[in-house]
Amino acid sequence: MEGPTPVSALIHAATMVTAGVFLLVRSSFLLSNISELQSFIVLVGCFTAFFAASIAVFQNDIKKIIAYSTCSQLGYMFFSCGFLNFDLAFFHLINHAFFKALLFLSAGVIIHGFLDEQDLRQFGGFLKVMPVTYVMVWIGSLALIGFPFFTGFYSKDGILELSFGNYTFYGCLAFGFGLFGAILTAFYSLKLLTMTFIVRPNNKYNILFAHEGSFITLIVLLILSWFSLSIGYIMRDLFIGLGVDC
């Protein structure tokens, strides 16, 4: 949380934090033969998905909200591995890298454009001064929520569906916690959007200095937003199966 925002984006979206999920996927030949370990992974994953999302709801630091969101999404990937749906877990891992990097870098633009302030309670009214970043945060948030036809929808919805279709106690438990975690995800994502861009400015002095990100930064955000909109649709047949309707 204390590092530079681009470093946070790399750590939380694509590298160190997600290495554990990648290790589980690569160890699939071992996990497939140990049913007790599968159940343990499901329990840890579903509780993590719910618990981390509930923590994010009560955070006011913009980077901490997105970071706890990462922890919550890792929970979905873990319990998907517990049900031996390694392809969906890896699919969500890839999708998550794009929209979470988009959210973190958008947060960096907001922090840099508002005199290095990270507290949501000091934000408000950024829609007029950061319209491009506003759109980027919307795209990243909708992909994170799993809104239909955004990147996160294809993997996150698939994980929840296959958990529900497991027809076991652990399947129902994971689906329940995962669904409630998804509801909390929608809540804190809308909280971040509303308190940052829509409500009236809470710090009327600092907003005079607020500004949009640099041209290069906005180009990177546009590239990430394209992936957050399309990569799930493009790769759905590869990970979910040929002939997917949506």
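## Terms and model

Buried means under 20% relative accessible area, exposed means over 50%, and partly exposed lies in between, using a 1.4 Å probe and protein chains only. By that scale S32 is partly exposed, because its relative accessible area is 37%.

The model is predicted, so local features need pLDDT of at least 70 and side-chain atom pairs count only at pLDDT 80 or more, while totals for chains, interfaces and linings use all residues. Residues are numbered from 1 along each chain as its sequence is written, and side-chain values use heavy atoms, with hydrogens and water left out.

## The cavity

Rolling a probe the size of a water molecule over the atoms shows where empty space is left. Here a cavity is a set of points, on a 1 Å grid over the protein atoms alone, where a 1.4 Å probe fits but cannot get out. Lining residues have an atom within 4 Å of a point. Grid points are joined across faces, edges and corners, and a volume is the space filled by probe spheres set on the points. The whole structure holds one cavity of 30 Å³ or more. The largest cavity contains about 60 Å³ of space.

Which residues line the largest cavity? They are I65, I66, S69, L103, S141, L144, Y188, S189 and L192. Helices are DSSP runs (H or I, at least four residues), numbered from the N terminus. At least two lining residues come from each of α5 (62-82), α7 (131-145) and α9 (169-198). The lining has six nonpolar, three polar and no charged residues. In this count Ala, Val, Leu, Ile, Met, Phe, Trp, Tyr, Cys and Pro are nonpolar, Asp, Glu, Lys and Arg are charged, and the others, Gly among them, are polar.

## Charged side chains

Side chains of opposite charge can pair when their charged atoms come close. A salt bridge is a side-chain nitrogen of Lys or Arg within 4 Å of a carboxyl oxygen of Asp or Glu. The whole structure has one salt bridge. R121 forms a salt bridge with D119, and their closest N and O atoms are 2.9 Å apart. R121 is partly exposed, at 48% relative accessible area. D119 is buried, at 18%.

K156 sits in helix α8 (residues 151-164). K156 is buried but has no salt bridge. Its nearest side chain of opposite charge is D157, 9.5 Å away. Lys and Arg count as positive, Asp and Glu as negative, and His and the chain ends are not counted. Contact means heavy atoms within 4.5 Å. Leaving aside neighbours within four places in sequence, K156 is in contact with Q73, Y76, H92, L144, I145, A182 and T185. L144 also belongs to the lining of the largest cavity. D157 lies in helix α8 too. At 29% relative accessibility, D157 is partly exposed. D157 and W138 are 19 residues apart in sequence, and their C-alpha atoms are 19 Å apart.

## Loops and positive phi

S32 is in the loop between α3 (28-31) and α4 (35-57). Beyond its neighbours within four places in sequence, S32 is in contact with Q38, L84 and F86.

Most residues other than glycine have a negative phi, and most peptide bonds are trans. L84 has a positive phi of about 65° although it is not a glycine. L84 lies in the loop between α5 and α6 (86-113) and is partly exposed, at 34% relative accessible area. D116 is not a glycine either, and its phi is positive, near 65°. D116 is in the loop between α6 and α7. Is D116 buried or exposed? It counts as exposed, because its relative accessibility is 59%.

## Two further sites

N203 is in the loop between α9 and α10 (215-239). N203 is buried, with a relative accessible area of 17%.

I94 lies in helix α6. Residues up to four places away in sequence aside, I94 touches M235 and F239. I94 and M235 are 141 residues apart in sequence, yet their C-alpha atoms are 9.9 Å apart.

How values were computed
1 Å grid on protein atoms, 1.4 Å probe; cavity = no way out; pocket = protein on both sides within 12 Å on 5 of 7 lines; lining within 4 Å.
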